[in-house]
Amino acid sequence: MRSLIIVAMLTGACGSTGNAPKDAAVPTDAAVGGPDASCFMPPLTTNDEIINACTTAQKIYLNPSLPLLNADGTVPPLP
Amino acid sequence: MRTLVFLAAIATGGVAYASGPLPAEGPCANTTNLPNPVYIQCGDTQANLMLNLGRALRANNPPITLIWVTAPSCNNIDLTYNGGKIGDGNASGGGTTAKMSYVPSVAQDATWQPSDGAATCDLAGPTTPDLTNSALYNTACTTMPPPSNVNAVIGPKQAYVLAEPRGNAQIAITAEEAYFLFGYGPMILASMNAALEPWTDMGSLFIRKIGTSTLLAWAANLGMSDASKFKGTPEASSLAVVGALENASMPTAAIGLLGAEVYDTLRDRLQVLAYRTYHQYAAYYPDSTATSRDKKNLRDGHYTVWSPTEWMDFVNGPTPLNPYARYVLDLISGLDVTDTGLAAPAFDAQAIVAAVGLVPDCAMRVKRDFEGGPLAMYTPPESCTCKYESVVDVSTCATCNASTPCASGVCRNGYCEEF
């Protein structure tokens, strides 16, 4: 399930090129900006900007294989 | 015989080095031994706060005795909103419980420590609470507003985590994985060729019962509108989840829901998964690293599974019915206690709040309006970030005093706070 897990301890992580390593897995649910999106610098105004704000905190990139996801990456209703 | 030592030792993460026998069980209404009582019904994630704050308050001037029982948050709200009593036989009043917990005073046990656990006393009969607590937004349990005789205050924030036995190889999980795991369950997933390794055993999912903040917070954050669909074994308490994880027959498949302050006392025995919420690029721990205790990601919005604690006391118009209960509510919530007519404490209540894994409002930089709701930036009236970090980790802020002013910011509690 975990085809790729990259643990990134990034110090002063966020530059103009973003905090995702070049070989980072494509987040299957990354609806904003795509896999190469930069982290967001202040001012942060939306939820998605806040949760993806630049940070020096420990990051873990995941690429789970989830066959039950909808085509648009959303989750289906519960059975 | 301290019957609660073992469980309390689990709760506080230490071995039960009994410092001496706890006081013999007696009536809670003994105001000589238990002066100025404040009867509390709170969520079980608040037990460590009760132990630590309870000890400080026993030595306070005036001394105050916290006498508490834990119950699911929604039960506590129901009890509060509907005039219930502790031990009245209804589920909202803690069932038929007649035993309450309290912390012995220095005179009763000079060497008591939180790892010794709580002493117990007996209720004479159903008792009206003075102070109640939910560990999530009350609106997650009821659409009713608080009645006019209830003063509800948003208190410190707490994270909820997905925990597993220490040593497991898994280090992170996505919201989508957690949604499928707990919403469908391993059996259905396997039948649909969508098993989530290593979480393939239905019997290794340890959750909480309906009405608990831990379950409802996770359900809300995962987008599960019907929390009753949560798959797993509903455990009766946070400590039962801890025990289930530690004794799981398939440890590598074991995963359970806990409050972060419960986990924080058990880091030598459990570990938590970093969590990536919907639309997020990476997974994060509640803290800035797996081993830190700074709750940085909760405070700045990178870790999204958190709730406020709400604290409620009873009023007659603007006047609190029990000034000691209001005093405790104010202490926990970081408010001015002197409006109760009582002196400010000689101890730092917010340091206790921080040390047990809760985050004071003054250290928060994000907010939300309802359980699992979107985050927005937040600026508290006065920052305590430097002081908070000095308690839980290491502060990098400049220190200050009357003769050493801050180059920038505001000197508060010995640190140059941002504002």
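Student: Buried means under 20% relative accessible area and exposed over 50%. Which is A:Thr55, buried or exposed?

Tutor: This is a predicted model, so the values are computed from it. A:Thr55 has a relative accessible area of 5%, under the 20% limit, so A:Thr55 is buried.

Student: Where in chain A does A:Thr55 lie?

Tutor: In a loop of chain A, between helix 1 (47–51) and strand 2 (59–64). Ten residues along the chain comes A:Ser65, and the two C-alpha atoms are separated by 27 Å.

Student: What does the side chain of A:Thr55 pair with?

Tutor: The side chain of B:Lys296, through a polar contact of 3.4 Å.

Student: What about the largest nonpolar core?

Tutor: It has 79 residues. B:Leu162, B:Phe180, B:Phe182, B:Trp218, B:Phe230 and B:Ile255 have the most contacts inside it. Helix 4 of chain B (residues 175–184) brings the largest share, seven residues. Apart from this core lies another, of 44 residues, including B:Cys28 and B:Leu331.

Student: B:Phe180 again. What does B:Phe180 touch?

Tutor: Leaving out residues up to four places away in sequence, B:Phe180 touches residues of both chains. In chain A they are A:Leu66, A:Leu68, A:Leu69, A:Val75 and A:Pro76. In chain B they are B:Gly185, B:Leu189 and B:Leu196.

Student: Why is helix 6 of chain B largely enclosed?

Tutor: Because nine of its ten residues (213–222) are buried. B:Trp218 and B:Asn221 are among them. B:Gly223 follows helix 6, and its phi is positive, near 80°.

Student: Which residues have positive phi without being glycine?

Tutor: B:His279, at about 70°, and B:Lys295, at about 50°, are two of them. B:His279 lies in the loop between strand 13 and helix 9 of chain B, and B:Lys295 is found in the loop between strand 13 and helix 9 too.

Student: How accessible are B:His279 and B:Lys295?

Tutor: B:His279 is partly exposed, at 33% relative accessible area. B:Lys295 is buried, at 1%.

Student: Where are the cis peptide bonds?

Tutor: One runs from B:Asn61 to B:Pro62, with omega near 5°. Another joins B:Glu197 and B:Pro198, with omega about 0°. B:Pro62 sits in the loop between helix 2 and strand 3 of chain B. B:Pro198 sits in the loop between helix 5 and strand 9.

Student: Last one. Is B:Gln46 buried or exposed?

Tutor: Buried, at 0% relative accessibility. B:Gln46 is in the loop between strand 2 and helix 2 of chain B. The residues B:Gln46 touches include B:Asn133, B:Gln158, B:Glu261 and B:Trp311.

Methods. Residues are numbered from 1 along each chain as its sequence is written. Chains are lettered from A and ligands numbered from 1 in the order in which they are written. Side-chain values use heavy atoms; hydrogens and water are left out. A nonpolar core is a set of buried Ala, Val, Leu, Ile, Met, Phe, Trp, Tyr and Cys residues joined through side-chain atoms within 4.5 Å. Buried means under 20% relative accessible area, exposed over 50%, partly exposed in between (1.4 Å probe, protein chains only). Helices (H or I, at least four residues) and strands (E, at least two) are DSSP runs, numbered from the N terminus. Contact means heavy atoms within 4.5 Å. A polar contact is a pair of N or O atoms within 3.5 Å; within protein, one must be able to donate a hydrogen and the other to accept it, and residues adjacent in sequence count only if both atoms are side-chain atoms.
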